[in-house]
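Subject: Structure for you to look at

Hello,

Here is the structure I promised to pass on. Please open it next to this message and follow along.

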Amino acid sequence: MSKDLKDKTPAELEEIVTACGGKKYLAGSVFSFIHSKGVGDISQISPLGKAVRAELVQQGYFISKLALSRRLIDPDGTVKYTFDLSDGGVIESVVLLDGRRRTLCVSTQVGCAMNCVFCATGKLKLRRNLTAAEIVDQVYSAENDGTRITNVVFMGMGEPLANYDAALKSVRILNDPAGRNIGIRHLTVSTCGIAPAIRKLAGEDIHPRLAISLNATTDELRTKLMPVNAKYPIKALLDAVETYQFRAKERVTFEYVMIKDLNDSLEHAERLTKLLRRFKCNINLIEYNPHPGCKFKASGTDKIEQFREALSKAGIETTVRFKMGQTIFAACGQLGASCSK
Ligand code: SF4
């Protein structure tokens, strides 16, 4: 079992604190000192008596901290952080600015096993899952750098639902009123479409917003772009999303990366409309971001606009996300493009 106190829920901390001779109620202070005050040393958790602090240290407990190794700023204001992990892995997270909204796109795995062909992270292969502490610490690091984060999207390196327990735990920790207290509607988990995990999430007592990286309207094309589709085809995926929406009672976002001459015709827009008409949803059309070694091209602005118009006419709320952070490889699908393997 990990000895990292940053990786623990309040309930887990209760057990640890009592096992070290402290009163159960002090676990709440430990949680808030770590996740709200940003304390990084057990000796600074003053509500715990000296003896309890000493016992925690004696038993090998510690509070982890991500090591920020690089910070790049794009002319459009996007900031990309690179973190070196203690085992040699590298992860990245990105702050996106949109009016008063400061969204942090966090990574959940080192690399990714899903192998989506348009994504730089997929080329890195999966090295390991991140812990909940490593996920939440991306938020704290960005905030320590001076940006108060308003929204978190689990859309960086890795597939969050393939690291289900840690991703869900990090949602709980970020949402906890005694910690960073980010509203559940401001936490979005984005998935490539692991249908059983979406159903499992539907059955939880907490429901972050859900985003589905869809990108195609036929199984044939989607399987080519996203191999996960061979296992969980579009129908199975959308049925799972329907279950989630029924439980969460929240709007779902569908992401659709626009790739030139592949998925950007009006025929695709029409099929997309038919597929999604049963949902309370919005669609993000994402301008494709080329990265080194990729073979696709971005759809032209006219094509994207035509596509958007067709969806909007059909009554689907549609937003176009133009490239952000492109010069620093911080745009969608580009994370990891500059990471060593
Ligand atoms: S798009 Fe997401 S799920 Fe697909 S390879 Fe990239 S990081 Fe993994």
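Two strands pair if DSSP finds at least two bridges between them. Helices (H or I, at least four residues) and strands (E, at least two) are DSSP runs, numbered from the N terminus. This is a predicted model, in which local features need pLDDT of at least 70 and side-chain atom pairs count only at pLDDT 80 or more, while totals for chains, interfaces and linings use all residues. Residues are numbered from 1 along each chain as its sequence is written.

Start with the sheet. Strands of a sheet pair through backbone hydrogen bonds, either parallel or antiparallel. Here there is an open sheet of 10 strands with mixed pairing, in the order β1-β2-β3-β4-β7-β8-β9-β10-β11-β12. At the edges stand β1 (67-73) and β12 (317-321); each has a single partner strand, so one side of each is left without a neighbour in the sheet. From one strand to the next the twist averages 20°, with axes being lines fitted to C-alpha atoms (for helices over the stretch in contact) and angles running from 0 to 180 degrees between N-to-C directions.

Some of the pairings can be followed strand by strand. β3 (residues 90-98) and β4 (residues 101-105) are antiparallel, joined over 5 bridges. The bridge partner of L97 is R102 in β4. The hairpin of these two strands has 2 residues between them, and G99 there takes a positive phi near 60°. β4 also pairs with β7 (residues 151-154), in the parallel sense and over 3 bridges; T103 stands opposite N151 in β7. β7 in turn runs parallel to β8, with 3 bridges joining them, and F154 has V189 in β8 as its bridge partner.

How many residues of β8 are buried? A residue counts as buried if 20 or more other C-beta atoms lie within 10 Å of its own, exposed if 12 or fewer, and partly exposed in between, with C-beta atoms placed from the backbone. By that rule 5 of the 5 residues of β8 are buried, so this strand is largely enclosed by the rest of the structure. L187, V189 and T191 are buried on one side, and T188 and S190 on the other.

In α6 (residues 195-202) the buried residues are A195, A197, I198 and L201. Seen down the axis of α6, they fall within an arc of 160° (taken from the directions from the helix axis to the C-beta atoms), so they line one face of the helix. Their cover includes α5 (164-175), β8 (187-191) and α9 (234-248), where two residues are in contact if their C-beta atoms, placed from the backbone, lie within 7 Å. In α10 (residues 266-276), A269, L272 and L276 are buried. These fall within an arc of 60° as seen down the axis, so they too line one face of their helix. On the other side of α10, E267 and K274 are exposed.

Last, the domains, whose bounds come from an automatic or database domain assignment. Domain 1 is 5-58 and domain 2 is 67-328. Their C-alpha centres lie 34 Å apart, and 10 residues of domain 1 are in contact with 12 residues of domain 2. On the side of domain 1 that touches domain 2, helix α2 (residues 26-35) gives the most, with 4 residues.

Regards
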